[in-house]
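The following exercises are to be worked with the sequence and the coordinates at hand. Each task is followed by a solution in steps.

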Amino acid sequence: MRSVSAVLIHHPILDRDRAVVTGAITNLDLHDISRSAHTYGLTAFYVAHPIAAQRELALRVQEHWIHGSGARRIPDRVPPMRGLRVVTSLDDALLDSGEGTELWVTSAQATAEALGFEAARASLHAEGPPILLAFGTGWGLADEVMQRAKYRLAPILSPRSDGYNHLSVRAAAAITFDRLLGHR
């Protein structure tokens, strides 16, 4: 099986008007996605942010869960938080993931060329380079990130008749990990 990691990108992302912006790191994203990544055996979970103060915040949260009172109160969070890697950019995550890493992106928008989850699962079991799954905060990844991807995964679609389809990135990451790496 190929090595799989994930990156949560905070820049460049889109706002509701499709302008490129930088989002803020949230505590819940850090430990919830770390726990999901650890549960499904990802090699690493990267959090990419260009602003030093935001990276420092993420490192303080990680420290709390590895060495602070969080580790003493809830020791089950220590292993997942050890898999968290705080980086400046997508490029840093790709570099750390290994030579030739394939970037796979996620989006709530359906496209004809999207890679379905069944085909993606089959690709994970074939020989190949490591894979880095990219998730965007805000209203999704900027076009410049989408265009760098080897594959764009099919969206997670809502069964609702009114078209509502707005999952948190934490939920989308967990569902994606399960569809790609969960037991079938």
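**Exercise 1.** What volume does the largest pocket have?

*Solution.* The model is predicted, so local features require pLDDT of at least 70 and side-chain atom pairs pLDDT 80 or more, whereas totals for chains, interfaces and linings use all residues. Residues are numbered from 1 along each chain as its sequence is written, and side-chain values use heavy atoms, without hydrogens and water.

Step 1. A pocket is an open set of points on a 1 Å grid over the protein atoms alone, where a 1.4 Å probe fits, with protein on both sides within 12 Å along at least five of seven lines.

Step 2. The largest pocket has a volume of about 820 Å³ (the space filled by probe spheres set on the points, which are joined across faces, edges and corners).

Step 3. It is lined by 31 residues, of which Ser107, Ala108, Gly138, Trp139 and Gly140 are the closest to its centre; a lining residue has an atom within 4 Å of a point.

Step 4. Strand S7 (131–136), helix H7 (143–146) and helix H8 (169–181) each give two or more residues to this lining, and H8 gives the most, with 3 residues. Helices (H or I, at least four residues) and strands (E, at least two) are DSSP runs, numbered from the N terminus.

**Exercise 2.** Identify the strands at the edges of the open sheet.

*Solution.* Step 1. The sheet contains 6 strands in the order S5-S4-S1-S7-S6-S8, with parallel pairing; two strands pair if DSSP finds at least two bridges between them.

Step 1. Strand S5 (84–87) and strand S8 (151–152) each have a single partner strand, so one side of each lacks a neighbour in the sheet.

Step 2. Within the sheet, strand S6 (residues 102–105) is joined to S7 by 4 bridges, and glutamate 102 stands opposite isoleucine 131 in S7.

**Exercise 3.** Classify the orientation of helices H1 and H2.

*Solution.* Step 1. The axes of H1 (residues 27–39) and H2 (residues 52–66) come within 10 Å and cross at roughly 50°. Axes are lines fitted to C-alpha atoms over the stretch in contact, and angles run from 0 to 180 degrees between N-to-C directions.

Terms used: Parallel < 35°, antiparallel > 145°, perpendicular 65-115°, else oblique.
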